[in-house]
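Colleague: Hi! Could you walk me through this one?
Modeller: Happy to, here it comes.

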Amino acid sequence: MFTDSHCHLTFPELQAQMPAVLAAMREARVDRALCICTTLEEFEAVHHLARTHDNLWATVGVHPDNEGVQEPSLDTLLTLAARPRVIGIGETGLDYYRLNGRSVDDMAWQRERFRVHIRAARRTDLPLVIHTRSASDDTLAILREEGGWTGAATAGGTQPLARGVFHCFTETAEVARAALDLGFMISFSGILTFRNAADLREVARFVPLEQTLIETDSPYLAPVPFRGKTNTPALVPYVAQLLAEIKSLPVEAVAEATSHNFDRLFDRVNAPASPT
């Protein structure tokens, strides 16, 4: 019934209790989850989950906040993205929230890393999973430059336009509108249920349901009434319920629409099975 479009099941809080996590998903009617890669060092563990569970899938990418890790080259991303059950590129993007004494100019390495992911997404025609925090202007500008909308130069001839999702969305309605105009989806997490998230709930009201996904970003951001506890994919129905209330719809309608949207965006989910 429900699809968690973004979770981190290889993080220690969840990996150590995987049987219980999967059982709770079944009990909560959360049929599927996308396991997000945040470092290349983590990829094999993420991919193993996807290969060994028929309701889990994987992405490949390096989170913008991660420093001191293996830097992703275009060739590496293309090679790993060709693996079975890898259906997206990311988590990628920009994060200027914790500059730690540095300037935005000093974050050029983040911007170059983001560009490499966008190029990989276009070469593979896989959707991007985008993280943006305190960096929406640069995130959108780089997407426009690299994504194919402004005649950006491409290697090897014509490539698909970049597509994907702005995950765990916390930005303004203006940023949401710009992302939607570029053909991206917007994903809402448990933050939507927080008492101080009234502005975000207005953004959720504005975003068309056919361009909306739901997620947990677990093990973080557990929705009310579990805020402060370890989050799991089994709690994504609470995000769906709040979204249903915002849009004056039955929760079943939100579950069906967001699962359908997941299928449309991460269309490799429906590709024929191939050897692992």
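Colleague: Let's start with Glu-71: is it buried, partly exposed or exposed?
Modeller: Glu-71 counts as partly exposed, because its relative accessibility is 42%. Buried means under 20% relative accessible area, exposed over 50%, and partly exposed in between, with a 1.4 Å probe and protein chains only. Keep in mind that this is a predicted model, where local features need pLDDT of at least 70 and side-chain atom pairs count only at pLDDT 80 or more, while totals for chains, interfaces and linings use all residues. Residues are numbered from 1 along each chain as its sequence is written, and side-chain values use heavy atoms, with hydrogens and water left out.

Colleague: Which side chain meets Glu-71 in a salt bridge?
Modeller: That is Arg-113, at 2.8 Å from N to O. A salt bridge here is a side-chain nitrogen of Lys or Arg within 4 Å of a carboxyl oxygen of Asp or Glu. Arg-113 lies in helix α5 and Glu-71 in the loop between β3 and α4, so the pair ties together parts that are 42 residues apart in sequence. Helices (H or I, at least four residues) and strands (E, at least two) are DSSP runs, numbered from the N terminus.

Colleague: And is Arg-113 buried or exposed?
Modeller: Arg-113 counts as buried, because its relative accessibility is 3%.

Colleague: How many salt bridges does the structure hold?
Modeller: Eleven. Some belong to a network that links Glu-112, Arg-115, Arg-119, Glu-145 and Glu-146. Within that group, Arg-119 meets Glu-112 at 3.7 Å, N to O. Arg-119 also pairs with Glu-146, with the closest N and O atoms 2.8 Å apart. Glu-146 lies in helix α6 and Arg-119 in helix α5, so this pair ties together parts that are 27 residues apart in sequence.

Colleague: New topic: what about Glu-42, where is it found?
Modeller: Glu-42 is in helix α3, residues 40–52. Glu-42 is buried yet has no salt bridge, and the nearest side chain of opposite charge, Arg-113, is 11 Å away. For charge, Lys and Arg count as positive and Asp and Glu as negative, with His and the chain ends not counted.

Colleague: Now the strands: why is β4 largely enclosed?
Modeller: Ten of the ten residues of β4 (86–95) are buried, so the rest of the structure largely encloses this strand.

Colleague: How many bridges join β4 to β5?
Modeller: Six, and the two strands run parallel. Strands pair if DSSP finds at least two bridges between them.
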